[in-house]
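Let's take a walk through this structure together. Have the sequence and the 3D view open as you read.

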Amino acid sequence: MSPSTSTLFRRALIGVVVALVAAYIIDYSSVRLRARHATATNPYETLTAPRVYAIPEKGQKTEYQIDADNPVQTVTCVHALFPHDGYPPCWQAQRTLHDPIPM
C-alpha cells in the first residue's frame, strides 16, 4: 500500500519546515555565542558606502548623484544566514549596499 500524493506532500512540507526551524535555531545560537566574545567584525559589522541617487531623465537616461546632505550611508549587519536583532545578514547588506537609490 503506497501513501497518497497529499500524504507525501504533507510529509515533505513538514520536513522542509523542520529543517528551516533547525537552521534558524543553530544560526541564532551561533550569533549569541559569538556575541559573548565579540570582536570588531564578529558577529556584527558596520559597512559604509557612498549614498548615490539614481535620477531618471528624458530619453531613458539616468543621472547618478551623490547625496550632498548625507554623502555616506552606514549599515550595521550580522554575520549570519538569517537576520538577527533587526540587522540584515552581511551577505545581503554587502550585495545591496552599493545599489543606487531610485528617485
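Is Cys-90 buried or exposed? Keep in mind that this is a predicted model, so the answer is computed from predicted atoms. Cys-90 has a relative accessible area of 3%, so it counts as buried, the cut-off for that being under 20%.

Now look for its partner. Cys-90 forms a disulfide with Cys-77, and their sulfur atoms sit 2.0 Å apart. The structure holds one disulfide. This pair ties together distant parts of the chain: Cys-77 belongs to strand β4 (residues 72–78) and Cys-90 to helix α2, 13 residues apart. If you look along the S-S bond, you'll find 85° about it, and the link is right-handed. Cys-77 is buried too, with a relative accessible area of 0%.

Both cysteines also belong to the largest nonpolar core, a group of six that includes Leu-47, Ala-49, Ala-93 and Leu-97 as well. Two elements, β1 (44–50) and α2 (90–96), each bring at least two residues to this core. Zoom in on Ala-93: leaving aside residues up to four places away in sequence, Ala-93 touches Leu-47, Val-75, Cys-77 and Pro-88. In soluble globular proteins, nonpolar side chains tend to be buried together.

Next, turn to the surface. Here Phe-9, Leu-13, Val-17, Val-21 and Ile-25 make a nonpolar patch of about 490 Å². One of them, Phe-9, lies in helix α1 (residues 5–36). Why does Phe-9 count as exposed? Because its relative accessibility is 59%, and the cut-off for exposed is over 50%.

How values were computed
Residues numbered from 1 in each chain as written. Predicted model: local features only at pLDDT ≥ 70, side-chain atom pairs only at ≥ 80, totals over all residues. Heavy atoms only, no water. Patch = residues over 30% accessible without salt bridge, like charges linked within 9 Å, V, L, I, M, F, W, Y side chains within 5 Å. Areas by Shrake-Rupley, 256 points an atom, 1.4 Å probe, with all protein chains shown as cover. Salt bridge = Lys/Arg side-chain N within 4 Å of Asp/Glu carboxyl O. Helix = DSSP H or I, 4+ residues; strand = E, 2+ residues; numbered from the N terminus. Buried < 20%, exposed > 50% of the residue type's maximum accessible area, 1.4 Å probe, protein only. Core = buried A, V, L, I, M, F, W, Y, C linked by side-chain atoms within 4.5 Å. Contact = heavy atoms within 4.5 Å. Disulfide = S-S within 2.5 Å.
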